[in-house]
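Subject: The structure you asked about

Hi,

Here is the structure to open on your side. Have a look around it, then read my notes below.

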Amino acid sequence: MSSSVVRPAIPDEGTAPARIPAQYRAISTHLAIAPRVSVVIPAMNEAENLPYVFKTLPEWIHEVVLVDGNSTDDTVEVARELWPEVVVVPQRGKGKGDALITGFEACSGDIIVMVDADGSADGQEIVSYVSALVSGADFAKGSRFANGGGTDDMTPIRKLGNWALCSAVNAKFGARYTDLCYGYNAFWRHCLDEIDLDCTGFEVETLMNIRVVKAGLKVQEIPSHEYLRIHGASNLRAVRDGIRVLKVILKERSNRRALRTRTATARLDAARGEGS
């Protein structure tokens with residue numbers, strides 16, 4: 001990938017110090033990157049959780065974009081106190097999908113990372129996502145069920161539902177996912193042009209996962225641990241949102257069939273035209 005560059009951040013002992021241009025950001029003792037990393041955090045009434053979220057964010061990230069879903073608590077004030085340069089964007093509509101789309105549009109970075117505001121994600125894992133992207137992946141997909149991942153939050157029923165929906169996506173779209181409905185992901189900005197997001201709810205993560213496969217983008221799963229929400233209650237409703245995810249899968253499957261039919265028809269018409 002032409003926009004990604006990997007360089008050693010600290011030279012070996014006994015060698016002359018390596019000069020690293022100012023535009024490079026050291027993200028570990030052995031890795032520095034040129035691409036700017038934006039972190040998008042959709043939040044609504046998460047003032048109590050934000051200190052835990054921001055505490056784990058690496059200092060080397062380029063920007064934090066907080067999408068405020070019309071919070072009635074001190075979410076925005078707390079975010080600005082914790083990260084003075086935070087970019088606060090008011091959400092136009094409702095739902096997690098709408099919040100993420102709003103945040104993506106406000107990002108100025110080359111790499112975009114999605115992080116939930118409830119304290120369930122460890123920001124220190126971002127280095128693994130970014131490393132996968134600068135090493136050649138287009139989309140770094142978090143997985144709680146890949147080797148090394150885990151979850152403290154999912155009930156047995158939700159695990160079963162996630163497995164069933166994930167199996168359906170793998171079978172219908174030729175994916176190899178171990179997790180489907182997880183919101184900790186990272187990707188190069190150019191992916192947004194390929195996946196064209198157009199949904200408003202929690203099903204946005206499933207839509208992204210399906211469309212990156214349909215677009216032929218290179219996906220790498222990143223083992224991730226999901227912790228319990230620290231304060232407050234989640235807006236996720238297992239049955240309601242599970243149905244919405246299933247509808248997305250069926251709709252994308254139908255769209256894929258229609259596209260194949262149109263493509264086959266166009267090829268047939270072209271062949272007939274050449275033969276006449």
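**Starting at Gly103**

Leaving out residues up to four places away in sequence, Gly103 touches Val40, Val65 and Val67; a contact here means heavy atoms within 4.5 Å. Gly103 sits in helix H3 (residues 96-106). Helices (H or I, at least four residues) and strands (E, at least two) are DSSP runs, numbered from the N terminus. At 0% relative accessibility, Gly103 counts as buried. For that word, the cut-off is under 20% relative accessible area, while exposed is over 50% and partly exposed is in between (1.4 Å probe, protein chains only). The C-alpha atoms of Gly103 and Pro42 are 7.5 Å apart, although 61 residues separate the two along the chain.

**What you are looking at**

This is a predicted model, in which local features need pLDDT of at least 70 and side-chain atom pairs count only at pLDDT 80 or more, while totals for chains, interfaces and linings use all residues. Residues are numbered from 1 along each chain as its sequence is written, and side-chain values use heavy atoms, with hydrogens and water left out.

The chain has 8 helices and 11 strands. Of its 276 residues, 45% count as buried. Take the contacts between residues at least 6 apart in sequence: 73% of them join residues at least 24 apart.

**The nonpolar cores**

In soluble globular proteins, nonpolar side chains tend to be buried together. A nonpolar core is a set of buried Ala, Val, Leu, Ile, Met, Phe, Trp, Tyr and Cys residues joined through side-chain atoms within 4.5 Å. Which residues touch the most other members of the largest core? They are Ile41, Phe54, Leu57, Val113, Val115, Ile126 and Val130, out of 38 residues in that core. The elements that give two or more residues to this core include strand E4 (63-68), helix H2 (75-82), strand E6 (111-114) and helix H4 (126-134). H4 gives the largest share, 6 residues.

Setting aside neighbours within four places in sequence, Leu57 is in contact with Val39, Ile41, Val64, Trp83, Gly123, Gln124 and Ile126.

A second, separate core has 33 residues, among them Val67, Ile101, Ile210 and Val248.

Now go to H7. Of its 11 residues, 9 are buried, so H7 is largely enclosed by the rest of the structure. Those buried residues are Val204, Glu205, Thr206, Leu207, Met208, Asn209, Ile210, Arg211 and Val212. Just after H7, Gly216 takes a positive phi of about 75°.

How many salt bridges does a search of the whole structure find? It finds 12, where a salt bridge is a side-chain nitrogen of Lys or Arg within 4 Å of a carboxyl oxygen of Asp or Glu.

One of them joins the side chains of Asp198 and Arg211 (3.3 Å, N to O). Asp198 lies in the loop between helix H6 (191-195) and helix H7 (204-214), and Arg211 lies in H7, so the pair ties together parts 13 residues apart in sequence. Arg211 is buried, with a relative accessible area of 12%.

Another is between Glu252 and Lys214, whose closest N and O atoms are 2.8 Å apart. Here Glu252 is in helix H8 and Lys214 in helix H7, so this pair ties together parts 38 residues apart in sequence. Glu252 is buried at 2% relative accessible area, whereas Lys214 is partly exposed at 37%. Salt bridges that share partners join Asp198, Arg211, Lys214 and Glu252 into one network.

**Glu46 and Arg229**

The side chains of Glu46 and Arg229 also meet in a salt bridge (2.9 Å, N to O). This pair links distant parts of the chain, 183 residues apart: Glu46 is in the loop between strand E3 (37-43) and helix H1 (50-55), and Arg229 is in the loop between strand E11 (225-226) and helix H8 (238-275).

Happy browsing!
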